[in-house]
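Please read it alongside the sequence and the 3D view.

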Amino acid sequence: MKDFTIHIHGSGEDESFRHREGDRSLLRSALQAGVGFPYECHSGGCGSCRFELLEGEVDVLWPQAPGLTDRDRRRNRYLACQCVTKTDLRIKVSAAAEYRPKVQPRVFRARFVEALAVTHDILEFRFVGDGPAEFLPGQFALMQLPGVEGSRAYSMSNTPNPQGEWHFQIRRVPNGKGSTYLAEHLKPGDSVEVEGPYGLAYLRTDSPRDIVCVAGGSGLAPVVSIARGAAEAGMFGSRQLHFFYGGRTPRDICGEKFLRELPGYGESIHYYPVVSLPEGDTASVWKGEVGFVHELVRQTLADSIKDFEFYFAGPPPMSQALQEMLMVGHQVPFEQIHYDRFF
Ligand SMILES: Cc1cc2nc3c(=O)[nH]c(=O)nc-3n(C[C@H](O)[C@H](O)[C@H](O)COP(=O)(O)OP(=O)(O)OC[C@H]3O[C@@H](n4cnc5c(N)ncnc54)[C@H](O)[C@@H]3O)c2cc1C
Ligand code: FES
């Protein structure tokens, strides 16, 4: 098996890591070697893992990945999560300590046990791995699914556990290859390849601030994990949790069930659902808030908005609106904001 060396020239000290033939991407080799290679989605969408190729030759796995612009491509830039190499490389990228994995990622087979309904289009898929499930609340894993090109990122909704249980709450996307495979073809006893954990939007147990969780659509899982992790860490003795969930229509609304199971629900844990389109069968029974979730966050937290630790996950437009509202509109410090955009 061939073994290549990747030399990184960035703004700090030069570093290098090994990439073996058969490794799934340069980014995975870098993170598994403990290198702080910048990334966010691990799925070709965000562009955070972009690097400049100075010397050598790479193989691009997904040429149309939206994380690169045509200008990037003309300037010899590549996405580390969407390429492998067949030569030694010299690349330019600014590695940073914050990206170094806090929990060592690994590849393992996980056996599918059961799927439970969360809403009309979200199922909770439960898997068991081959050892303890080690990750931080809020992180995600990559799934390699039979017949599906590329991997799919899914956030864990449970918390780390010695039994090796990995729970994912996955929304079925119309015509989506990965989510359709999971919903229609996966049978109890089947196993899939899982790799992780990854992700930087994990629970900061050392923060003294009250917590705000915001999810939209399929972004439920990581914030449920954050809420559960905070409860297990005993954070609700001295802190409050404000949990916002935005759905399109009333039947999309979910999340409260999981919060009710936590000690402190209604006292230190508060739930705020909002829909953007109060239409359809359930419109007549919807008595709650109507609008966009970032607006409800702004109205609810009002003048105290700078005092919280924020965690959010969901579609890119929701994350963008929240980021702008918090950072530009209210100057909430960047260090207090942790999010995943779900491409
Ligand atoms: C960090 C993160 C966490 C996520 N967590 C969740 C979660 O908890 N629950 C949930 O429901 N969804 C989650 N998602 C979204 C999820 O990863 C999928 O995008 C979604 O399920 C749709 O996948 P699909 O295969 O059904 O749809 P498709 O339209 O078939 O695929 C969509 C995605 O697959 C990837 N992709 C497509 N083609 C290729 C290719 N040729 N090579 C490589 N990659 C390709 C891209 O990322 C694309 O956005 C998360 C996404 C990210 C980035
Ligand atoms: S981490 Fe590679 S494009 Fe997002």
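Domain bounds here come from an automatic or database domain assignment. On that basis the chain has domain 1 (3-99), domain 2 (106-198) and domain 3 (210-338). The model is predicted: local features need pLDDT of at least 70 and side-chain atom pairs count only at pLDDT 80 or more, while totals for chains, interfaces and linings use all residues. Residues are numbered from 1 along each chain as its sequence is written, chains are lettered from A and ligands numbered from 1 in the order in which they are written, and side-chain values use heavy atoms, with hydrogens and water left out.

**Domains**
- Between the C-alpha centres of domain 1 and domain 3 the distance is 34 Å.

**Sheet**
- Helices (H or I, at least four residues) and strands (E, at least two) are DSSP runs, numbered from the N terminus.
- An open sheet is formed by six strands in the order S17-S16-S15-S14-S18-S19, with parallel pairing; two strands pair if DSSP finds at least two bridges between them.
- Strand S17 (289-290) and strand S19 (337-341) are at the edges with a single partner strand each, so one side of each has no neighbour in the sheet.
- Strand S16 (residues 269-275) pairs with S17 in the parallel sense over two bridges.
- Val 274 has Glu 289 in S17 as its bridge partner.

**Helix packing**
- Helix H6 (residues 293-301) packs with helix H7 (residues 316-329) at an angle of about 30 degrees, their axes being 9 Å apart; axes are lines fitted to C-alpha atoms, for helices over the stretch in contact, and angles run from 0 to 180 degrees between N-to-C directions.
- H6 and H7 are therefore roughly parallel to each other (angles under 35 degrees count as such).
- Val 293, His 294, Val 297 and Arg 298 of H6 meet Met 318, Ala 321, Leu 322 and Met 325 of H7, where contact means heavy atoms within 4.5 Å.
- Helix H4 (residues 220-232) lies across strand S14 (210-216), strand S15 (241-247) and strand S18 (308-314), at about 160 degrees to S14.
- H7 lies across S14, S18 and S19, and runs at about 160 degrees to S18.

**Backbone geometry**
- Most residues other than glycine have a negative phi, and most peptide bonds are trans.
- Gly 196 and Pro 197 are joined by a cis peptide bond with omega of about 10 degrees, and Pro 197 lies in strand S13 (residues 191-198).
- His 42, although not a glycine, has a positive phi of about 65 degrees; His 42 sits in the loop between helix H1 (26-32) and strand S3 (50-55).

How values were computed:
Angles under 35 degrees count as roughly parallel, over 145 as roughly antiparallel, 65 to 115 as roughly perpendicular and the rest as oblique.
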